[in-house]
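Here is a short report on one protein model. Look at the structure first, then read on.

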Amino acid sequence: MTSNAHSSRSLRNHPGAAAVVLAATTALLAGCSSSDDASDPLAGDKADGGTVVVGSNNFAESILLADIYGEALKAKGIKVSYKPNIGSRETTYGLLKNGSLTVLPEYNGSLLAYLDPKAEQKSAEAVNAAAKAKLDAKLTLLESSPAEDKDSVAVNQETAKKYGLTAESTLADLKDVAPELVLGGSPEFQTRQQGMVGLEKVYGVKFKSFKALDAGGPLTQAALKKNTVQAADIFTTDPTITKEKFVVLNDPQNLFGFANVTPLVYKSGLPQEGVDALNAVSAKLDTKTLLDLDYQVQLESKDPLDVAKAWLKSVGLG
């Protein structure tokens, strides 16, 4: 099974886009999760009493996260069923509001942008508080994990070596070398605040030129690998970071906002024991871990359910 960052990006920051391709993508990804109790993702029926329904959107990382949260609940003796491969945020939000879904892995900043496009995002805590205030009264967010899947500027190994850039380097460290580098990304990355505009305003970074490619997808990945571009907009849990040894530059000013993995839940459908179980998972899940788990699923073609179970067991939650 494969899935690129463009798929997840479309769902998180352009919540309506997936509706167009939902039918085709659902068919394609139907076998991605081996959760054998999965049901029709778009069925509006409520779960049987006592069953927690865990949903996922139709991209690889969301399916994996749903399996992680779902299996953690099962480990506590809670009955779980799955509704995988759901499309747009409008759809998932509606299914949560009517109780058809109990748990959905979300990204806090992207959810807030959906609920309130004008909301400022100054810290993860502030994002969660603002999102909770905008949520339907029947829903709530649990504790966020440190794991984030969001935009970043990454450089290839050759560039990192040439300019002494490491995993500890920040975007500010590009200020002096950026005039020698070509930056790659989606066309809109060139004109948005969470892109080249912000890089210059916040970090004083101005690149030699920009090459329009795709939103963290195969074109961008290939261009960075081949050194057609020396820096690119790559998502922080993209497995090609590990495969190609790209170096992701830290963003201490949070130019790229927040995208912490956070369970969105239908309050009355999840017992306190379930809340505690999901919070325990989130406490253990960081970006490096999620990157490794995504690598196993997307590049090593491991079953997401197997990967989820193995990781939960390794951290004492399985």
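## Salt bridges

E244 and K225 join their side chains in a salt bridge (3.7 Å, N to O). The two lie in distant parts of the chain, 19 residues apart: E244 in helix α10 (residues 240-244) and K225 in helix α9. A salt bridge here is a side-chain nitrogen of Lys or Arg within 4 Å of a carboxyl oxygen of Asp or Glu. Helices (H or I, at least four residues) and strands (E, at least two) are DSSP runs, numbered from the N terminus.

This is a predicted model: local features need pLDDT of at least 70, side-chain atom pairs count only at pLDDT 80 or more, and totals for chains, interfaces and linings use all residues. Residues are numbered from 1 along each chain as its sequence is written, and side-chain values use heavy atoms, without hydrogens and water.

The structure holds 10 salt bridges. E120 forms one with K122, with the closest N and O atoms 3.3 Å apart. D151, R192 and D233 are linked in a network of salt bridges.

## The sheet

Five strands form an open sheet in the order β7-β6-β8-β5-β9, with mixed pairing. β7 (209-212) and β9 (247-248) are at the edges with a single partner strand each, so one side of each has no neighbour in the sheet. Strands pair if DSSP finds at least two bridges between them. β5 (residues 153-155) and β8 (residues 231-233) pair in the antiparallel sense over 3 bridges.

## A buried glutamate

E71 sits in helix α3 (residues 60-74). Is E71 buried or exposed? E71 counts as buried because its relative accessibility is 9%, and buried means under 20% relative accessible area, exposed over 50%, partly exposed in between (1.4 Å probe, protein chains only).
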